[in-house]
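Me: I have a structure to go through for class. Can we take it one piece at a time?

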Amino acid sequence: MKIFLNGYMGCGKSYIGEKLSESMDYTFVDMDSQIEIMEGRTIHEIFQKKGELYFRKLENEVLKDILASKSDMIISLGGGTPCYGNNFELIKADAENQTLYLKASVEVLTERLFLEKVHRPVISHLETKEQLEEFIRKHLFERAFYYNQSKIIVDVDHSTPTKILEEIRAKLVK
């Protein structure tokens, strides 16, 4: 089985994915990290030097490699991965694949991301919390269609990682 974690940047996909993989003894794959290893540069550098279209093509290639693998995995998708090309359709094509949306509010995402925006190429240019909030609000509106198609939706706003993991494991069993 493959479990795909999706949601907006800052919702906890990588952290929760790592912890979930440890508890289930599954391989953990962070798509962004895979792309960085494959390219030998950071996501920020890829965006700067090659552009978003190039990045999205790489993302699709990495996704296809993951889907072709026979291993049990937990995969942290990039925030935009399910929204581009046919990525989400590829994931949903195999009924065994589980899709999980870590849902966070605009307010929570704004607080989390404002503190780390220098490390996020898509938002590094935004100077105020108000600009960041508007940016997130727009993106969530555009991406909600994809995120909400997930088989499992977990609200992460007022929860601890332990509670989030418990909820995920309970919902995976059903």
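What follows is a chat about the sheet, the cores and the cysteines.

Reply: Fine. Keep in mind that this is a predicted model.

Me: Sheet to start with. What order do the strands come in?

Reply: The order is β2-β3-β1-β4-β5, in an open sheet of five strands with parallel pairing. From one strand to the next, the twist averages 20°.

Me: Which strands stand at the edges?

Reply: β2, residues 27-30, and β5. Each has a single partner strand, so one side of each has no neighbour in the sheet.

Me: And what holds strands together in general?

Reply: Backbone hydrogen bonds pair the strands of a sheet, in a parallel or an antiparallel way.

Me: Back to β2. How many bridges does it make with β3?

Reply: Four, in the parallel sense, with β3 covering residues 73-76. Within this pair of strands, aspartate 30 is opposite serine 76 of β3.

Me: Which strands does helix α4 lie across?

Reply: α4, residues 52-68, lies across β1, β2 and β3. Relative to β1, α4 runs at about 150°.

Me: New topic. Which residues touch the most other members in the largest nonpolar core?

Reply: Tyr8, Leu102 and Ile168, out of 31 residues in that core. Elements giving two or more residues to this core include β1 (2-6), α1 (13-24), β4 (98-103) and α8 (161-173). The one that gives the most is α7, with five residues.

Me: What is leucine 102 in contact with, leaving aside neighbours within four places in sequence?

Reply: Its contacts include Asn6, Cys11, Ile16, Val154 and Ile168. Gly7, Gly12, Lys13, Val156 and Ile164 are also in contact with leucine 102.

Me: What other core lies apart from that one?

Reply: One of 16 residues, among them Met31, Ile35, Ile46 and Phe88.

Me: Cysteines now. How many disulfides are there?

Reply: Zero, from a search of the whole structure. For cysteine 11, the nearest cysteine sulfur belongs to cysteine 83, and that is 12 Å away.

Me: Is cysteine 11 buried or exposed?

Reply: Buried, because its relative accessible area is 3% and the cut-off for buried is under 20%.

Me: And cysteine 83, buried or exposed?

Reply: Cysteine 83 counts as buried too, at 15% relative accessibility.

How values were computed. Residues are numbered from 1 along each chain as its sequence is written. This is a predicted model: local features need pLDDT of at least 70, side-chain atom pairs count only at pLDDT 80 or more; totals for chains, interfaces and linings use all residues. Side-chain values use heavy atoms; hydrogens and water are left out. A disulfide is a pair of cysteine sulfur atoms within 2.5 Å. Buried means under 20% relative accessible area, exposed over 50%, partly exposed in between (1.4 Å probe, protein chains only). A nonpolar core is a set of buried Ala, Val, Leu, Ile, Met, Phe, Trp, Tyr and Cys residues joined through side-chain atoms within 4.5 Å. Contact means heavy atoms within 4.5 Å. Two strands pair if DSSP finds at least two bridges between them. Axes are lines fitted to C-alpha atoms, for helices over the stretch in contact, and angles run from 0 to 180 degrees between N-to-C directions.
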